[in-house]
Amino acid sequence: MELLYAMTLGVLTTCGVYLLLRARTFTVILGLTLLSHAVNLYLFASGRLVAGAPAIVGLTERSADPLPQALVLTAIVIGFAMTAFVVVLALKAAVELRNDHVDGENPDEDRL
Amino acid sequence: MIAIVIPIAMTLFAVAALLNLYRLAIGPDIVDRILALDTLMINSIALIVLADLRMGLGVLFELALLIALMGFVGTVAMSKYLLRGDVIE
Amino acid sequence: MTLALIILFPLLGALLPALYRRATCRRLACLAALPAVSSLLLLLSLLPRVSSGETIIAELDWLPSLGLNLALRLDALGLLFALLITGIGALILLFARYYFEGSASAARFFTLVLSFMAVMLGIVLSENLLFMLVFWELTSLVSFLLIGFHSDRQAARLGARMSLVITGGGGLALLGGIVLLGQAAGSYELSVVLEAGEQIRAHEHYGLMLNLILLGAFTKSAQFPFHLWLPHAMTAPTPVSAYLHSATMVKAGLFLLARLHPALADTELWFHLVTLTGMLTLMVGAFVAMFMHDMKGLLAYSTVSHLGLIMLLLGLGTPMALAAALFHLVCHALFKAPLFMMAGYVDRATGTRDMRRINGMWRFMPTLMALSAIPAAAMAGLPLMSGYLSKKMLFGESLRVVAPEWATLVIPAWVTLAGLFSVAYSIRIFHNVYFNGRPIDLPVWPPREPRKAALTPIALLALATLAVGIAPQGLYATLVHPAFEAARQVPLPAYDVATLGGPRTGLMSLIALAGGALFYAIRGPLFRLHARLPEVDAKEIFDWAMRRAIALSQRRVFQLENGSLQRYLTFIMITVVVLVGVELLAVARWNGGVPLGPLDPLTVLAAGLLCLASIGVVVFHHHRLPALLLLGVTGLFVTVAFARFSAPDLALTQLMVEVMAVVIMMLALSFLPQQSPRESTRPRMARDLAIAGLVGGGVAAFSFAILTRPQHTISDFFLANSLPGGGGTNVVNVILVDFRGFDTLGEITVLGIAAVAVFAFTRDLHLKERVVDTNPGHWVAEPHPIMLSTVARLVLPIALLVSAYIFLRGHNQPGGGFIAGLITAVAFTLQYMAGGLVWAQSRMLTAFRPLIGAGLLIAVATGLGSWLFGYPFLTSAHGHFHLPLVGEFELATAMLFDLGVYATVVGATLLVLANLGKLMTVAGPGKEIG
Amino acid sequence: MMPNVRSRQFWLPHPLFSLFLALLWLLMVNDLSVAHALLGLALGVAIPIVTHAFWPEEAKIRRPLPLLRYLGMLLVDILRSNLVVALRILRPARQLRPGFFTYPLTLDDDFAITLLASTISLTPGTVSLHYDGEANTLLIHALHLEDEAEAIAAIRTRYEQPLEEIFR
Amino acid sequence: MNHALILPILLPLITGASLLLLYRLPFGVQRLAGLTSTLGLALLGAWALVTAGAGEYRLYHAGDWPAPYGIVLILDRLSALMLALTATLGLGCLLYASRGIDRRGAHFHALFQFQLAGLNGAFLTGDLFNLFVFFEILLIASYALLLHGGGRARSRAGLHYVIINLVGSALFLVALGTLYGLTGTLNMADLAIKVAAAPTGDAPLLAAANMVLLVVFGIKAAILPLLFWLPRAYSAASAPVAALFAIMTKVGVYAILRVFLLVFGLGEAPVNAAAWQWLWPLALATLALGGVGVLGSDSLRTLTAYLVIISVGTLLATLSLVTPATLAAALFYLIHSTGMAAAFFLLADLLGQQRDEGYDRFSVAAPVGHRGVLGSLFFLAAIAMVGLPPFGGFVSKAWILQASADEPRGLWLWGVLLTAALLTLIAVSRTGSSWFWRPGGAGEAEARPLDRGCLAIVCAMVAINGLLAALGEPVMAYLALTAEQLMTPQAYIAAMLPETLAFAQEVSP
Amino acid sequence: MSPLDMPWTLQLVVAAFLLVGALVALIGSWGLAKLPDFYTRLHGPTKASTLGVGCTLIGSLLFFSHQQDGVSVQEALVTIFLFATAPVSAHMMGKAALRRRLGGVPGTRNPPER
Ligand code: NA
Ligand code: NA
């Protein structure tokens with residue numbers, strides 16, 4: 001299970017980082033979102049993988065580590081705020097700069 | 001009996017989800033993909049409910065409810081986007 | 001205190017001209033002279049004490065931790081320089097009174113010169129080396145302002161910058177050197193440093209230290225190759241040239257080396273560096289001076305040459321070389337200042353400084369000629385003149401050099417040759433100006449001799465020069481010898497200046513005189529020869545070098561910082577890979593030993609689908625909408641993962657957030673192109689994939705390592721205290737609103753700020769044209785389908801009820817304020833979609849920004865409530881209450897906190913959505929929504 | 001837009017609906033205590049205040065009983081329709097005769113139209129795709145369209161007429 | 001119960017939230033509220049300096065939960081210093097903005113307060129995840145402030161700034177996940193103990209996490225090769241915002257200090273060694289790049305942005321020698337460079353406003369009005385910036401040289417530092433002479449009105465820099481003690497976790 | 001509490017609901033994957049998946065209503081919600097398809113004018 005989880009994270013991260021390195025704002029935002037999925041899952045994994053035991057007092061004998069869950073929750077919310085912000089900013093930049101290249105210039109180039 | 005049925009049902013729903021993903025992947029039109037995603041959401045509600053049944057904890061219903069709500073909102077948003085070119089106007 | 005006054009008089013006096021800017025030049029000069037003369041008199045009053053060998057030290061703490069104290073020191077060496085500075089300074093002020101007659105900028109000049117006098121006095125009177133350095137740098141700065149005095153001339157600006165860069169740069173080096181010196185000596189106080197010579201010279205950094213200090217001294221004293229700034233400093237008004245660039249500032253480097261002589265000198269390194277530099281400077285200066293047509297240029301190069309000469313003497317290391325150096329230093333100041341003044345007068349009288357045009361001035365300015373004959377003769381080193389004596393001392397000392405072997409012959413020959421040149425250029429400046437035929441094409445005609453009164457400063461200096469030449473012993477005994485002793489820090493036998501020298505020095509003088517005269521006689525062919533040499537203009541070189549450096553920096557920097565986000569992100573990723581990778585190489589066992597959990601097919605399937613979906617996003621990313629759908633799928637599967645691994649709260653949150661994010665992205669997408677162009681080359685894609693793969697592999701390896709390691713955590717505390725301490729059974733929620741409520745407060749603050757920021761920067765956004773043309777006139781595309789609006793209205797109250805339910809149960813079951821808030825927001829978003837922005841907006845009970853503010857304030861106020869009971873911020877309280885009729889119920893302050901979360905989330909989400917929607921609909925800047 | 005704060009319109013725009021919400025609340029929390037009853041009522045009052053502006057028209061359901069009967073029939077039809085559609089799906093695709101047809105409405109209430117369109121979508125082999133407000137017609141897609149007129153007639157008698165009764 | 005310790009966070013937070021709630025308040029009132037709050041922060045900063053100066057750690061247990069379970073705020077000398085610096089700088093920037101720039105976009109004052117709350121939170125918290133949260137607050141507020149005033153350049157630079165920082169945040173979470181996964185705690189003091197006591201098999205993983213944090217803070221602090229977002233972002237921001245941003249890079253430096261010296265600093269073979277080793281050459285290279293960039297800048301704001309890079313390079317290179325002396329010297333430099341970078345950004349605006357065209361660009365030869373006053377001010381500010389006497393820069397440079405002289409590697413720092421200073425000198429002297437000395441065109445006569453308020457603020461900032469040198473001794477004494485405090489993490493741990501005192505001493509380095 | 005505590009009749013009913021639901025949903029998704037054009041594909045999910053999930057939810061409702069005392073109303077809520085919204089989703093998607101001028105499979109009767 002752990003290996004599968006780790007490999008999935010690896011794939012998510014790889015996809016996220018690859019998209020991050022593209023030249024269009026929208027694609028970069030896709031990449032950021034994937035990356036943040038990966039990171040949230042990673043942070044979540046720091047509490048180890050426990051099935052069928054939500055951290056609710058009295059529900060089960062032992063329970064999953066609640067702290068990483070709370071951290072991830074905070075991270076998700078912050079990530080949401082940031083995504084909303086960056087999406088609108090990308091839109092603003094695209095409208096103002098008349099293209100949606102991440103640099104707002106040389107629109108037909110993949111820049112080093 | 002239920003303990004036997006649940007995995008079977010889950011498998012059936014999983015196959016259904018796979019079929020949805022197949023449609024999502026091949027399209028051909030974006031509307032097909034939206035439809036596939038909508039169906040996927042609905043099927044995943046069932047999967048969640050079954051998983052909850054299997055655990056016997058009853059903590060995932062809200063999730064099912066929210067998937068239903070969000071699936072609806074998402075589908076409407078995307079359709080509206082295709083229909084009008086925007087979502088809120 | 002007296003010592004401080006010596007510096008403070010001119011420093012405060014500098015304010016006087018600034019205060020009386022409108023006064024006449026004469027009055028300004030008087031105002032300026034007052035502090036200068038006061039300082040001079042103070043110095044003179046201390047002369048007897050100091051000449052007898054006393055060292056006066058005054059100290060005041062400033063930054064003792066740094067070793068930087070306001071410590072002043074007056075010994076004979078300092079006094080010698082201080083007298084030069086104040087004495088010549090006073091005369092310069094007098095000279096300037098005539099020079100600036102009728103000029104509007106006189107006040108500025110007087111202020112600057114007095115400031116300069118003060119900081120220059122600071123250099124020579126500092127006991128603390130760091131304190132001295134303060135003044136050192138200040139002289140560079142004031143000199144910068146003085147050189148650029150005529151700032152409307154390009155040459156002046158360039159000259160000023162050049163001097164600042166060279167001397168300022170040298171100052172930086174000196175700072176380094178002095179810090180090293182201080183570390184080696186254990187103090188920056190001269191009294192300590194001068195005693196610690198052995199220790200310093202044995203220090204491991206002695207070589208570096210010496211180099212740095214010499215760099216400072218050489219740049220300031222215009223030693224080759226740093227001499228370049230000095231001739232270009234001649235764009236300064238002539239009083240400045242006379243004062244700073246002949247008599248005082250350029251001597252600061254020499255002063256410093258004399259001062260630090262006991263600490264640094266008498267090593268082989270010292271000898272080689274100082275002597276060779278001095279030799280080179282001496283020769284280069286003398287040679288170039290020969291061929292200068294500009295009066296001030298000639299004087300400047302001659303100054304360079306003389307500075308080299310003194311430097312050479314400082315380097316020699318023979319017993320009396322230092323005395324000779326000091327003596328010549330005074331002589332030079334005395335004869336060079338009047339020569340500059342002369343150049344100034346001639347310049348003003350003729351309107352040019354070109355000696356090819358200025359000829360035969362004896363006719364027009366006989367008095368000036370008579371007065372300048374003396375310093376010119378002294379510069380040439382004619383017998384009976386001060387220069388003659390100092391030159392003989394130089395020749396004498398050059399002959400006394402015994403080691404190294406090459407020096408015994410080379411140095412005497414070298415100085416003789418330099419002497420020859422100096423004779424030649426001395427003759428030249430005198431003869432060329434006053435004789436040599438008739439003036440050619442002068443801009444001012446006829447040249448008029450300045451008033452007799454105006455010639456007073458020259459006369460006084462000429463007189464002094466003459467006096468020194470005739471009775472050198474007076475100067476030597478009262479000033480130079482005590483200074484020499486002070487510099488060497490040991491009592492030394494007296495030295496009779498008048499009778500020194502032997503046949504060999506006489507011969508050398510003779511060769512120099514005769515050779516110089518001969519050289520001048522055949523100057524015609526030589527000039528023609530020189531004219532054929534490629535012209536080297538230091539100013540242009542400097543300017544060119546600067547431009548080059550700037551262009552190069554620009555290229556280098558902008559090759560790196562080229563504004564490409566892709567590049568910056570690549571750099572970041574590579575950095576991560578390298579830094580982390582190096583550490584990870586040391587990991588011995590990735591598998592930490594905890595047995596792996598069993599795999600079940602459904603999970604494998606889900607994981608596989610998650611991977612496929614995310615790969616799908618990559619594959620389809622050129623088609624944006626499909627990619628967005630696939631992104632939604634990944635989000636859905638992440639939700640499933642959270643649900644699978646016992647995190648229902650996370651699953652709920654992730655789901656809501658994911659769909660909202662996708663909706664927001666879709667809103668944005670309607671303004672963006674629907675396709676991304678295929679612009680990456682294959683190698684580029686491969687490269688990025690490799691980087692991404694490394695990062696991904698790292699994350700995978702990391703997480704595998706962690707997942708298989710045994711866990712020790714503080715979480716048991718939360719599980720144990722959640723119910724008794726936090727009053728809730730949903731531990732995650734209790735952590736969020738209680739144990740780590742502070743985090744949550746921060747989190748909603750982020751959300752609120754993000755929303756307000758979106759509001760702020762879309763407020764005035766104009767969407768003149770839409771990127772996509774969607775022709776909504778299609779027969780099917782009515783904006784608000786009846787079915788949708790009807791159902792949406794039905795959903796709203798139910799959704800609100802559900803959100804209240806989720807909110808209230810959150811403390812004990814999965815849920816809470818955040819999720820409830822998102823449900824509410826989604827329900828209202830549906831209204832926007834179904835009824836349109838204007839329709840829905842006008843039906844909202846409140847604007848969104850105050851809702852955000854209120855939410856934050858509710859959360860904070862809940863936290864503050866605990867203050868009333870003497871507990872820290874955010875301390876929670878909960879309890880079971882009983883009301884008649886109602887029965888038992890539970891209340892927790894955490895609920896109130898969660899209410900704040902709820903309000904903020906609703907407000908923030910709706911604010912973002914409404915303003916995004918606004919972009920297309922209302923499309924009127926100034927129209928605020930939310 | 002907002003009714004006066006003092007008026008009943010503001011505080012209790014839909015009293016029945018408020019009661020419904022309170023009931024739903026009790027069901028949801030699964031706790032019949034007085035505390036929850038009060039809370040449910042409070043929500044039942046508060047939520048309509050917030051949402052009233054979005055739903056200003058009074059509900060026009062005149063007869064609730066026929067509505068229940070209608071819903072029961074609908075449930076049966078849904079089951080039946082699933083069977084029909086399942087069979088169609090499982091059969092080879094070339095046997096399908098899909099088609100569009102336009103259904104002329106007699107209903108004019110938005111809510112009723114929505115209900116009819118939903119019914120059509122949930123029941124045998126039909127999906128309502130578009131409502132034309134001017135012509136008052138529904139565009140319907142049928143998975144297997146044998147006879148257009150028959151399909152229209154079936155909808156009319158089976159669904160639209162009962163709905164007309166409910167909303168008359 | 002003394003609640004003063006949490007006020008530096010709550011005061012601006014409440015002010016900001018109230019400004020949102022009462023968004024219809026007249027603008028003047030909003031402005032006044034912002035200024036009052038910031039003034040309050042300055043007073044709190046002074047209180048913090050006095051309190052922390054006594055040498056005791058002061059704790060505040062949010063929610064009354066003990067460490068390491070709850071979030072604990074902790075005030076030591078370094079935090080106090082940063083609080084005071086932030087408040088002072090904030091006050092200057094806000095006053096400047098209040099001369100009119102604050103009106104050029106929505107909610108400037110609320111966002112400004114949030115920014116201050118985020119900064120103060122980052123300086124006070126003793127919890128690593130809470131640090132992340134405050135980082136996000138200060139970042140999101142900074143994104144918003146960066147965009148204040150609108151315009152293409154800001155959108156473009158803002159986009160880069162935001163995306164890069166989002167990547168940074170993701171990395172931060174990775175590091176947090178690793179640390180929590182291996183140690184099971186988040187409190188920095190507790191982490192320090194757990195890290196030091198970790199099994200040897202975990203050491204490379206912890207070191208790797210340390211590296212990730214180095215990258216995260218390196219992005220914030222702007223070290224090579226992570227700094228390229230900075231020049232355009234800073235030069236695009238409106239003047240008071242850019243000036244406030246002068247403290248933003250220092251947050252990264254602060255975090256590096258906290259994490260490297262505390263979290264990874266315990267034990268016989270501390271995990272931080274490798275990070276310091278990387279930091280040293282990177283910081284030197286940063287410093288060198290800054291020097292080159294300063295020379296190659298095409299506008300005064302870009303130049304100032306590169307000056308910020310120089311300052312970061314200097315700071316981190318000095319810090320990475322890790323001795324009490326270098327730490328103290330670096331902190332002095334931090335104060336100086338933050339203040340002067342801010343002053344320079346404001347000055348650039350003041351000058352730019354006076355030019356008919358080109359604003360602060362070097363390539364445009366538009367004359368500057370009010371030459372005398374502005375020229376003198378520029379001259380003094382430039383002296384302070386380059387580090388020439390008698391300003392704070394000189395003292396700090398001398399101190400850095402002294403402190404690093406005994407280190408074998410110190411001379412490298414010397415070379416780069418002094419060269420960079422020379423390049424700065426060249427650059428600013430060029431600028432000054434071409435702006436204030438070159439004869440202007442026809443426009444010279446009609447100078448635009450000079451805002452005396454703005455002028456006074458910049459003058460005050462330069463004067464403060466002078467005072468920093470003039471009255472430097474108490475500051476230096478304070479900083480020396482700060483450095484000592486930083487070098488003894490055991491005391492911090494003992495204050496945070498009294499019961500583990502014995503253990504902390506056991507594993508002391 | 002385990003499923004074994006339940007009376008077998010109830011178990012049977014729950015199992016039937018779950019199985020039927022899953023089968024119906026599978027058929028719906030099968031239709032989605034197999035049917036030839038968008039409009040025909042729209043039928044599958046609108047009915048089958050809705051009912052399929054509905055059955056599953058009712059099975060769960062019965063299960064948990066027995067496990068925990070009282071009626072578990074949330075499942076009913078989800079079911080009602082699904083039934084209320086599925087037609088709207090289909091309506092919107094159908095409109096989108098019309099708007100995108102998607103044609104039906106060849107042989108479709110009365111294809112809408114493009
Ligand atoms: Na001549
Ligand atoms: Na929460």
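So, E:Thr431: with a relative accessibility of 4%, this residue counts as buried, where buried means under 20% relative accessible area, exposed means over 50% and partly exposed is in between, using a 1.4 Å probe and protein chains only. You'll find E:Thr431 in helix H17 (residues 410-437) of chain E; helices here are DSSP runs of H or I with at least four residues, strands are E runs of at least two, and both are numbered from the N terminus. What is E:Thr431 in contact with, leaving aside neighbours within four places in sequence? The partners are E:Leu300, E:Leu303, E:Phe362 and E:Phe378, and contact means heavy atoms within 4.5 Å.

Quick housekeeping. This is a predicted model, where local features need pLDDT of at least 70, side-chain atom pairs count only at pLDDT 80 or more, and totals for chains, interfaces and linings use all residues. Residues are numbered from 1 along each chain as its sequence is written, chains are lettered from A and ligands numbered from 1 in the order in which they are written, and side-chain values use heavy atoms, leaving out hydrogens and water.

Okay, chains. Nine pairs of chains are in contact, and chains C and E share the most contacts. Chains A and D, on the other hand, do not touch, and their nearest C-alpha atoms are 18 Å apart. No contact joins chain B and chain D either, with their closest C-alpha atoms 11 Å apart.

In general, most residues other than glycine have a negative phi, and most peptide bonds are trans. C:Ala222 is not a glycine, yet has a positive phi of about 55°. That residue is in the loop between H10 and H11 of chain C. Is C:Ala222 buried or exposed? Buried, with a relative accessible area of 0%. In that loop, between helix H10 (206-220) and helix H11 (229-232) of chain C, you also find C:Pro225, and the peptide bond from C:Phe224 to C:Pro225 is cis, with omega near 0°.

C:Asp266 is not a glycine either, and has a positive phi of about 65°. This one sits in the loop between helix H14 (261-264) and helix H15 (268-291) of chain C. C:Asp266 is partly exposed, at 46% relative accessible area.

Last stop, chain E again: the peptide bond from E:Ala67 to E:Pro68 is cis, with omega near 0°. E:Pro68 is in the loop between strand E1 (58-61) and strand E2 (72-75) of chain E.
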